[in-house]
Each structure stands twice: as structure tokens, then as C-alpha cells.
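Open the model in your viewer and keep the selection panel at hand. The tour moves from one selection to the next.

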Amino acid sequence: MADNMSAWVAGSDRPEKQVVRIGFLPLSDCGSLIMASLLGFDEKFGIKIALSKEASWASVRDKLGNGELDAAHVLYGLMYGVQMGIGSQARDMAVLMNLNHNGQAVTLSSSLAQQGAVDGASLAGVIRKAPRPYTFAHTFPTGTHAMYLHYWLAAHGIDPLREVRMVTVPPPQMVDNLRAGRMDGYCVGEPWGMKAVHDAIGVTAATTQEIWPDHPGKVLGTTADFVAHYPNTCRALIAAVLEAGRWLDASMENKQKMLETISQPHYVKTRQVWEEQHGLQFYNSGAVNFPYLSDGMWFMTQHRRWGLLKDDPDYLAVASKVNRIKLYRQAAEMTATPLPPGVLRSSTLIDGVVWDGSAPERYAASFAIRK
Amino acid sequence: MPSRAPLSKPVHKLRIVVVNTITAAGHEMDASLQAQAQRGAALRIGLLEAGYDIIASLPADIYLPERIAQLQPDMIIIDAESDARDVLEHIVIATRDERRPIVMFTEDAATSSMDAAMAAGVSAYIVAGLQAERIQPVLNVALARFKQEQKLLAELSDTKHKLAERKVIERAKGLLMAHHHLSEEQAYQRLRSMAMNKKLKLAEIAQRILDVEDLLGN
């Protein structure tokens, strides 16, 4: 095994760039990335991950663009937003791997819960009975939480564009805003959902895996340019994170150790326990990490649904360009990570609608509630 | 110490909104928040010294989009390292058909990051510690650049619009030709006289013909 590894590292596959600067936002789902760096999985593949804590997704996007960051823990939807030029100049991006499944939630305020709104259906009832501009927050307009929150509201007959007011709030400010009564609910990654529950100011109305079981989350993202210049570095990076994910899956002790580590001030800065991570997964024998084209396409179908994309793109062509399946497969082989048979997967979302990557234009146009 | 060059008046009285980092009471501020707050204060002083009109200094809270919509500033300035960047992103996307220039300020003088941010839609970068008299040319360049970009975008959408109009006219002509057994030239003349009679643009009358066709479902 060790010999195999050094062969990878020493041969023509030697990483072109050894020190890789990677941005992350303080959220539980950056766990495998941080452990890949701290436990030395990176060095095993001939690279050194230099972690950089970032304050905003907009800044992650800009720094990927200007090369201040080589890669980042980033929202899946944001990568496709930049690829399609939503809100910024279009730039060719690359998704190297998916980093996590699940681990996010929709939280409603305790005062809404007292009026009976504790899940999607009862929320719809309360909104109908007492109409006012209900305010809900997500983390970035094209991002994962925005798309899951929109989907969840619409699945319960609530029109997210017309019936509620939607705002963007940085994750660490969610709880304070809910406490101050400035908003009625939000969708965000842990620990910011459970924090509201612990502080007794909110209830969990839905976990994101109720919206889409084993949904994609953050990705390891970079630019197409970086992949073109440093393919071996990218492959090594994927391999290191896969191994870290496998280490996390190996035992509860490892998961707790990761949570303790990322609870430190220079990472996420909040104490957490594994039982409250809402089905967060980092590896699951590689099932988490494969950059399925259907996952990438889904975000574009939702961008189209909500009018962020004004026309239908060539969904499959764009996803095939952005998601780096070839590099991922090579890294999976290096780490003996099982590979799925195809590049699409079939999922049934909360409204019972199946998404399997086929007929994306029709899927995007099929929803009753849309822009 | 050399005497300071007299500040020329800003060519245009810009209405500027500065977005501030939230420093919630009762929370210990970490070093980066503290640095942001200091940069913000220095920038506001610099702008005022340079004769700019800061119409508001807003906290980056959930009311920011409404406040910006009310104030309609000529320019928004925000710290590049602020977590409120994502709140502003919301505004950028929600108002992408009526964009306004956004200027960042930062401590990072690396030109590469300025180029990338400007490519991403930021109009200019102000580096922290910049002298008051240097702010003015930076903002003037930012505004000029933004206006130029908007002009190009407007021209592009105008061209697209004209192209779309031509398509509508072609389809309406096709319908007239089929229904009334007209030649292309006759169909065009029919359209033109209908447009003149109704005092509508050619594309408008063409669209009505298509709408009626849709309604009757032929």
C-alpha cells in the first residue's frame, strides 16, 4: 500500500503544486477537509493543505477567481451560479467532489411554533390564517440552502417568491436574528440550526434530508483554470479528502474527535455533538463524494425554476464540463473508494417527484410554483 | 511635511452608502471584526475629508435590501472581508436589471485580487490607509467604469430586443401569408397598414396577431 502511494507521488503524477490554499466557512460540513489537513492525509499524497477561514461565500468566489485560494469548501449551487454568470461575471468552474450529504435544517421561530407551525404543512396553515410578510433566511442567493428552502416551502404550497420575504444572512448571525424576532425561520448548515433549539428560540421544522434524502451539500470547488494547470494536485486533494472521510466513518470516536477539533475558535467555534448533525455524512464508502452529473444539473434546474437563469442551459453539457468525474475516478482508485456504475443517480424529493437527471428542461418547467 | 494639495470638488455629488460590519453588543469581537470596524471608520473619515456625501452608514442586517432600495445610492461601499458580502450579493442578484456600482475596501493591496473582484462586478477597490485625496480619483474611475459597462449592457440588450422583435414580425407575417394566401410582400404591407391604423409599432401589432392565434388555438 505504502509503495503504491509513493509511486503516485514520485512519478509523472507528482502534484504540480504542493502547497494548496483552501478556503472554508465555519460549518460542521467542512469536517473532512479540516481532518485531511490536520491528520496528514494530504502529505500522504504529496501535498500540504493550507486552510484559510473565510467570512463570506462572495469572498470565497472572488478569491477562487483571483487565485488567492486554490480550492474551497463551497456551496454546490454557488459553483453553478458562477459558471452561468448569475450575479457575477461567468467563469468556468470545476467541482472536484461532493463533500457531504445532509447535515442542514430548516428552523422556525418558537413564536411560530406556539401558533402551531412546527412543520411545512402547519406553517402553510399559519401563513394562510394570519397573512403578513413572513421572513425566511438562507445563506446565498444561488446556494444550496436557498434552493432547499425554496423547494421545501413550495412543496407545502407556499410560494417563496410571492408569499414570503426571502433574505440572505451569514450563518453565524442566523440565531441572533431569530432571537430578535427579525425573521421567522431559516435554512442553514449545522451547528446553526441546533443552536436555536438549544437556546429555546426555535424548532427544527425539517431536516434537509427530509427534503432530499442524501442530498448533495458543499463541494470541493475550484476553477477550470486551476484544474488545467494542476491536475495532479487536484487528484491528490480529492484522494486526501476521501481518506479523511473514510477515517471519519470508521468510528464514533473519530467523529467526536473531529467535532471537538472544529469546535475550536479558529474553526467553527461552537461545541457540538454528533447526534445533532442531522444525518451528516462525509464518505459512506464514497457514495457521498461522487460528483454526479444529476446533482450538478439539479441546481441549474432550480436556478431556472426561480428565474435566476433566464433561459434553459444545456444542462447535461454544462454539468459534464463542471463536474470532474475523470479526476474523481482516478482519486477513488488511488484510495480504493468504491465507484457507482453511472454518472446519474435517482432521488425522490419531499414532494414525491423523482429526479434522475433525465429531461432537465421538462423537470425545471414542471413545478406548479415557480417564477 | 509637504503641504497637502487642495482637494478639487468631486465632479458629481455622489450619494454614497457605506455598509458597516455588525458588532453586536455583548459579543466579544474577534480580531478580524475589530480590524474591519477600524478600517470602516478610517474610510468614512477619508470620504468625508474628500468632500463625499455619505447619505447613510448602514448596518449589514436583514433590512439592508429595503434601505438600499429606499435610498437609491449612486454607490455602495463595503469591506471586502465582511461577512455581509453575502447580504449584498442578495441585493446584486435581486436588482441585477438595475445595478449600481459597488466598491470594496480592503487592506490587501494585491492587484490581482482587485482585478478579479472587478471582473466579478465590483467597480473599484479602495485599499485601507489610502490618503483622502486618493479616494476621489478611485471613485471617479469606478463610476466611469460602471457607466461604461452599463452602456455596453444596454446596447447588448437593445440588440437582443430588436432581434426578438424581428422574429415576432416574421412569425406574424407567416400567419398572414398562410391564412390569407398572401405573398410575403403583401403580408408585410398588411401588417404595416394595421400598425399605422392602430398607431402601434410593427412588433406590437405582430405580437397581437400571435396572441389572437394562441387564444383561438388554430
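A polar contact here is a pair of N or O atoms within 3.5 Å; within protein, one must be able to donate a hydrogen and the other to accept it, and residues adjacent in sequence count only if both atoms are side-chain atoms. This is a predicted model: local features need pLDDT of at least 70, side-chain atom pairs count only at pLDDT 80 or more, and totals for chains, interfaces and linings use all residues. Residues are numbered from 1 along each chain as its sequence is written, chains are lettered from A and ligands numbered from 1 in the order in which they are written, and side-chain values use heavy atoms, with hydrogens and water left out.

**Stop 1: the interface**

Show chain A and chain B together. Across their interface, 10 residue pairs are in polar contact, both residues at pLDDT 80 or more. Helix 3 (85-94) and helix 4 (111-119) of chain B are the elements that give two or more residues to the side of chain B that touches chain A. Helix 3 of chain B supplies the largest share of that side, seven residues. Helices (H or I, at least four residues) and strands (E, at least two) are DSSP runs, numbered from the N terminus.

How many residues of each chain are in contact? In chain B, 28 residues contact 38 residues of chain A. Contact means heavy atoms within 4.5 Å. The area buried between the two chains is about 2700 Å², and carbon and sulfur atoms give 49% of it. Select B:Ile62, B:Asp86 and B:Arg96: in chain B they lose the most area to chain A, together 25% of what that side buries. Buried area is the accessible area (1.4 Å probe) that two parts lose on being put together, summed over both.

Now look for charges. Four salt bridges are counted between chain B and chain A. In a salt bridge, a side-chain nitrogen of Lys or Arg lies within 4 Å of a carboxyl oxygen of Asp or Glu. Pick A:Lys63 and B:Glu81, whose side chains form a salt bridge at 3.0 Å, N to O.

**Stop 2: helix 3 of chain B**

Select helix 3 of chain B. Nine of its 10 residues are buried. Buried means under 20% relative accessible area, exposed over 50%, partly exposed in between (1.4 Å probe, protein chains only). Among the buried residues are B:Arg85, B:Asp86, B:Glu89 and B:His90. What covers them? From chain A, the cover includes helix 4 (57-66), strand 6 (134-138) and strand 7 (164-168). From chain B, it includes helix 2 (64-71), strand 3 (75-79) and strand 4 (102-106).

**Stop 3: a salt bridge inside chain B**

Go to B:Arg39 and B:Asp79. Their side chains meet in a salt bridge of 2.8 Å, N to O. The pair links distant parts of the chain: B:Arg39 is in helix 1 (residues 31-49) of chain B and B:Asp79 in strand 3 of chain B, 40 residues apart. B:Arg39 counts as buried because its relative accessibility is 10%. B:Asp79 is also buried, at 1%.

**Stop 4: helix 7 of chain B**

Center on B:Ile209, in helix 7 of chain B. Buried or exposed? B:Ile209 is buried, at 18% relative accessibility. Not counting residues up to four places away in sequence, B:Ile209 touches B:Ala172, B:Leu175, B:Leu176, B:Leu191 and B:Met194.

Move along to B:Leu216, in helix 7 (residues 202-216) of chain B. B:Leu216 counts as exposed, at 59% relative accessibility.

**Stop 5: A:Asp184**

Switch to chain A. A:Asp184 lies in the loop between helix 9 (174-179) and strand 8 (185-189). It counts as buried because its relative accessibility is 8%. Its side chain makes a polar contact of 2.6 Å with the side chain of A:Arg132. A polar atom of the A:Asp184 side chain also lies 2.7 Å from the backbone nitrogen of A:Thr135. Other residues that A:Asp184 touches include A:Thr107, A:Ser109, A:Tyr134 and A:Leu178.

**Stop 6: the whole of chain B**

Zoom out. Chain B has seven helices and five strands. Along the sequence, they follow the pattern β-α-β-α-β-α-β-α-β-α-α-α. Of its 218 residues, 39% count as buried.
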